[in-house]
Amino acid sequence: MRISGLDIREVDQSGFGIYTIFMKNFYRIIVNNPKKILLVFFVLAVIGAYLQSLVSVDYDLKDYLPEDSASTVSLEVMEEEFGGGIPNARVMVQDVSIAEALDYKERLLNCEGVTAVTWLDDAVDILEPVEMVDKDTVEIYYRDQSALFTLTIDREQRVEAVDAVRGVIGEENAMDGDAVSSALSTTGTIDEIRRIIIVAVVFVLAVLLLTTTSLAEPVLVLIGLGVAVLINMGSNLVFGEISFVTHAAGAILQLAVSLDYSVFLLHRFEECRKTEPNEKEAMVEALCKSTSSILSSGLTTVIGFLALVFMSYRIGMDLGLVLAKGVAISLITVFVFMPALILTAYKLIDRTHHRSLMPDFRRFGKVVCKIMLPMVCMFAVLIVPCFLASNQNDFYYGSAYIYGEDTRYGQDTAAIQDVFGEQDTYVAMVPGGDTATERALSDSLSDLAQVKSIISYVDTVGETIPYSYLDETTLSQLVSDHYSRFVITVDADSEGEETFALVENIRSILDSFYPDENYLAGVGVSAYDLMESITSDTLKVNLIAIAAVFLVLLVMMRSLFLPVILVVGIESAIWINLGIPYFSGSAVFYIAYLIISSIQLGATVDYAILFANRFMEYRKSMEKRQAVVRTVSSVTVSVLTSGSVLAVVGILLGFVSSNGVLAQLGRFLGIGSLLSMAVVLFVLPGLLCLFDGLIRRTTRHADFYSREG
């Protein structure tokens, strides 16, 4: 019996029923309209290329704190009340007198984008001889003939302001702070990512030339990837603004994780053409045969990325949505655009055909078969210590250490700390009008050992002097219509256990005087809120990613135990990856740590799916060890193609990017891809053999081969 050209027995055997009928008819529509499809996708790509230039990029990690976090609320209220932000940059000018420093202050204040400059004259009466002023207070701002200014820079003009400030102080002096690092990210990341993409495309081309059998195929794959990436980048305009992490990693990751979809379709098309002389029918058959594998791989990748959406730290939602959308667009491109492109160019594929440049890997399969059980034993030994180590890393939560000591920013920070030590500036805001309580609050804050200076109305002017006696400029910096502001200089690092304890102490003091009516902001404060926000995300995001991927595999593979093996295998590679910094004594950016778990799972579980699908296919006609040899021989090229691209892209990002978060994310991605490949090619075969009986009993219609049968 046939339905719309499809044998009903094929429906029953395929397991997709009516779904298969509709898919086959859908694919026939595609192969019969290649020119229209190509035109639509090329137009969308051109539009995407234009729209992506309109997408704004945010380089400040603090902007992605939960909207209800204490420091986010504090910043919003402060900007509303005082018409500006909080101090976000430090500038050190060396070899200057106090008079010269005052001149520098005036010049800095006149720089574009600089809204406020704080120095010694704001804390003490500069007309008094320096010898008569408290030494500790003076040395916060002026020490060893060097002046340290605290600047407030408009977030919308960070790049212009930093350039202007550098023009004032010259190359021989130093500057650091959130505004400076954000400005550097803005100007530096774009050039770095452009270089990475160029090298990555060249590498992808080289890999495809080795792993395909036609000179035209690599070009077609790159065209398909380019179209998908451009459409995704342009469609980011729907979000209005994306983070610099997403902007930097989005296109590269989309290219790397979706490369194998097109390659797999091409390989299936070549196979089908051997038995089906009509190219269109061969493509329909190739699409039907590859839909399940490509779709299951794509869905697990999409779900792995979507798990990031559940982070309370909103950079997860930003990155997760863009990456998931990118993979979804890549899947649509593979199922709609690539068939049209391949059918249009199949004659060129034939004319440029060459013999395979890769070995058949059958010997490699036999080697794997011999060592797979010892590899499983080693794997079992490593799992527990690596899992424990991955949860015991030292972390950076904020942006203070994004640029290392080998960068100009890192050198400037070190130069400032050499003279003035570790300093940070917090800004507290409390309801105004009660100067007696403000005086008591200031005294309590001053009792903290780390508090070195407080600039406020009661400290600078005195609680007995009426507001009307002050000039408008001074008054507007300290008092608004509803609040009084305290600028607190602390002897503390930008983050760390001591800093976090200090933030808790200051908040406790503020609560004791003004319960539920106080605000506190600063770099250290934001880092504290980041720490509280994203550490609570870890377990939640990982469990969602694992559960969702497991569910997809359960449905697609119709097996209860096989998904367990695949997920445990890739998760173990993730634990080893994240345990390496602990054993090497390196600190980890928590954002990279949290993001890579979902990315590595989503991006590399495809290798395990491909291996398992082929093993199950071969297991129907041969014994398990023979099936392992055949599977390794069949999938090694595909795994190496996709995995090596992902690894090289990650390693490139790690080496080229001067931004610590992006560099570490790249290193995690590169090493993680290599580890996932190793697990799939050396450990997974042993697990499939060891649990062969359990897999057979927990898989629907397994139909495994047996001698008795």
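## Salt bridges within and between helices

Because Lys289 and Glu285 are four residues apart in helix α12 (residues 279-306), they are separated by about one helical turn, helices being DSSP runs of H or I with at least four residues, numbered from the N terminus. Their side chains meet in a salt bridge (3.1 Å, N to O), a term that requires a side-chain nitrogen of Lys or Arg within 4 Å of a carboxyl oxygen of Asp or Glu. This is a predicted model, in which local features need pLDDT of at least 70 and side-chain atom pairs count only at pLDDT 80 or more, while totals for chains, interfaces and linings use all residues. Residues are numbered from 1 along each chain as its sequence is written, and side-chain values use heavy atoms, with hydrogens and water left out.

By the salt-bridge rule the count comes to 21. Arg273 and Asp350 form one of these, at 2.9 Å from N to O; Arg273 lies in helix α11 and Asp350 in helix α13 (residues 315-351), so the pair ties together parts that are 77 residues apart in sequence. Arg507 and Asp529 are also joined by a salt bridge (3.2 Å, N to O), which links helix α19 (residues 497-513) to helix α20 (residues 523-535), the two residues being 22 apart. Both Arg507 and Asp529 are buried, where buried means under 20% relative accessible area, exposed over 50% and partly exposed in between (1.4 Å probe, protein chains only).

## Helix α11 and the cysteines

Helix α11 (residues 244-273) has 30 residues and reaches 45 Å from its first C-alpha to its last, close to the 44 Å expected at 1.5 Å a residue, the expected span being 1.5 Å times one less than the number of residues. Of its 30 residues, 25 are buried.

A search of the whole structure finds zero disulfides, defined as pairs of cysteine sulfur atoms within 2.5 Å. For Cys272, the nearest cysteine sulfur, that of Cys288, is 9.1 Å away, and Cys272 counts as buried because its relative accessibility is 2%.

## A nonpolar surface patch

Phe42, Leu205, Leu209, Leu215, Val219 and Ile223 form a nonpolar patch on the surface, with about 450 Å² of accessible area together. Patches are made of residues with over 30% relative accessible area and no salt bridge, like charges being joined within 9 Å and nonpolar side chains (Val, Leu, Ile, Met, Phe, Trp, Tyr) within 5 Å; accessible areas come from the Shrake-Rupley method with a 1.4 Å probe, and for residues only the protein chains shown count as cover. Helices α9 (178-211) and α10 (216-235) each supply at least two residues of the patch.
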